[in-house]
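This report describes selected local features of a single protein model. The sequence and the structure are shown first.

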Amino acid sequence: MTVLQVFSKLCRPGLQAFSTGVRKFSLSPNGASQSHFDVLVVGGGTGGITMSARLKRKVGAGNVAIIEPSEKHYYQPMWTLVGAGAKPLNKSGRSTASVIPSGVTWIKSSVQEFDPDKNLVRNDDGTQVSYKYLIIALGLQLQYEKIKGLPEGFNDGKIGSNYSVNFVEKTWKALQDFREGNAIFTFPNTPVKCAGAPQKIMYLSEHYFRKTGKRPKANVIYNTSLPVIFGVKKYADVLLEIVKTRNIEVNYRLNLIEVHTDKQEAVFEKLDHPGETKTFQYEMLHVTPPMAPPEVIQKSPLADAGGWLDVNKENLQHCRYSNVFGIGDCTNLPTSKTAAAVAAQSAVLSKTISLVMKNQKPTHKYDGYTSCPLVTGYNRCVLAEFDYEAQPLETFPFDQGKERRSMFHMKADLMPPLYWYALLKGLWGGPKPLRTLMHLGMK
């Protein structure tokens, strides 16, 4: 029996147990008729839905509410494959109503103001909701408008972005329509979610060019604002060998600032030479947008100096308000912002809140675990896993610093059901137990 088969069997009971059942939840489209909840969750993305499920089991569904304006919930890690034509977009989304835990109140609104001194939030519809405990899971905001010429430039058919439901299919169109010239892939000069995604689509595109006979006429270029190709040396060494073997050009410390669609030009600032720019012609351009913390956090007392939610890196409790907690991309946790990180954080945060509710000091610690399945083609993947110290923290008992078909299938075929039927149900807190089993108790 293979390692993946063992992994699948371990997950199957949870998947089957929660893949069926009658959905019941309380919808409050204009604000909750109940204005106070023991637990209020702000944000209906991965972290928010996961923590709603976990807290429902602790305090009861009627005592939990979630504020989220969107009708649709997306499994965004799939968009790498959608942009490469390997998965359809409709497979990545489900209705928000279907993923909110049964019995939990859905307040279909957006928070406009946090008032942690009064233990309440004010919504855009004029209502306010008070709480005993607050969990913030707002993700981050994409800032395409920070690049001159975008987002209107996405209409020209040669530009795409796997970071937005509105633009991910444009990546696939640009890839299919490519004839010859430069295919450029960018990484911005800001924190981003899934820091491997900007180059995953590059490897997939290069593979597509080879499959379709276009590779001899394609110059594949990766322009990144970073000084390295990846932040963990073990995996960076692997990726450097891949780009060398596949004749991919990598340019460091370049940041996209402007797009001229009429001339098919992309303008980059040279970060090590202030005031200087470099212009590239493109036949295809994949844009990873600048990203930032949500404005509602930035302007609140909950933010750190950079505008991110200020939480303790070990227990995820807010650094100044003991009844406020954070999870996921909106926090200032110094680790890569991924769904895998959210899974590991959810397990720790659940224990933290349980102890705080009992007036006890949090003792469980998050080690910064995160994971990035670095897809390097339509059938290969390097599964990067690491911690706060950028040290590998691998699950399987073999060297994950290699391209493997098995890891690709785990990314493409196993992780989506694990997300929908385990993580969002509050049943998956990351692979730590599996890692312990695989390594016989050794780290």
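Ala384 has a relative accessible area of 0% and is therefore buried, the cut-off being under 20%. In this predicted model, Ala384 belongs to strand 22, which covers residues 380-386. Leaving aside neighbours within four places in sequence, Ala384 is in contact with Phe230, Tyr235, Thr370, Ser371, Cys372 and Leu374.

Pro151 is placed in the loop between strand 10 (141-142) and strand 11 (159-160).

Another loop, between helix 8 (295-298) and strand 20 (324-326), contains Gln317. With a relative accessibility of 14%, Gln317 counts as buried, because this value is under 20%. The side chain of Gln317 reaches the backbone oxygen of Ser322 at 2.8 Å. Not counting residues up to four places away in sequence, Gln317 touches Val311, Asn312, Ser322, Val324, Phe325, Thr352, Val356 and Pro362. Leu316 likewise lies in the loop between helix 8 and strand 20, and its phi is positive.

A positive phi in a residue other than glycine is found at Leu316 and at Asn359. Their values are set out below.

| Residue | Phi | Relative accessibility |
|---|---|---|
| Leu316 | near 70 degrees | 0%, buried |
| Asn359 | about 60 degrees | 73%, exposed |

Asn359 follows helix 9 and lies in the loop between helix 9 and strand 21 (370-377).

Helix 9 itself is mostly covered, with 15 of its 19 residues buried. At 1.5 Å a residue, the 19 residues of helix 9 should span 27 Å, and the distance of 26 Å between its end C-alpha atoms agrees with this.

Two packed helices are described by the angle between their axes and the distance between the axes. The axes of helix 2 (residues 46-59) and helix 9 (residues 339-357) come within 10 Å and cross at roughly 35 degrees. This crossing of helix 2 and helix 9 is right-handed. Helix 2 contributes Thr46, Gly47, Thr50, Met51, Arg54, Leu55, Lys58 and Val59 to the contact, while helix 9 contributes Val342, Ser346, Ala347, Leu349, Ser350, Ile353, Ser354 and Met357. By class, the residues of the contact between helix 2 and helix 9 comprise eight nonpolar, six polar and two charged.

Key
Residues numbered from 1 in each chain as written. Predicted model: local features only at pLDDT ≥ 70, side-chain atom pairs only at ≥ 80, totals over all residues. Heavy atoms only, no water. Axes fitted to C-alpha atoms, helices over the stretch in contact; angles between N-to-C directions. Helix = DSSP H or I, 4+ residues; strand = E, 2+ residues; numbered from the N terminus. Left-handed = near helix turned anticlockwise from the far one by under 90°. Contact = heavy atoms within 4.5 Å. Nonpolar A, V, L, I, M, F, W, Y, C, P; charged D, E, K, R; others polar. Expected span 1.5 Å × (residues − 1). Buried < 20%, exposed > 50% of the residue type's maximum accessible area, 1.4 Å probe, protein only. Polar contact = N/O pair within 3.5 Å; in protein donor to acceptor, adjacent residues only side chain to side chain.
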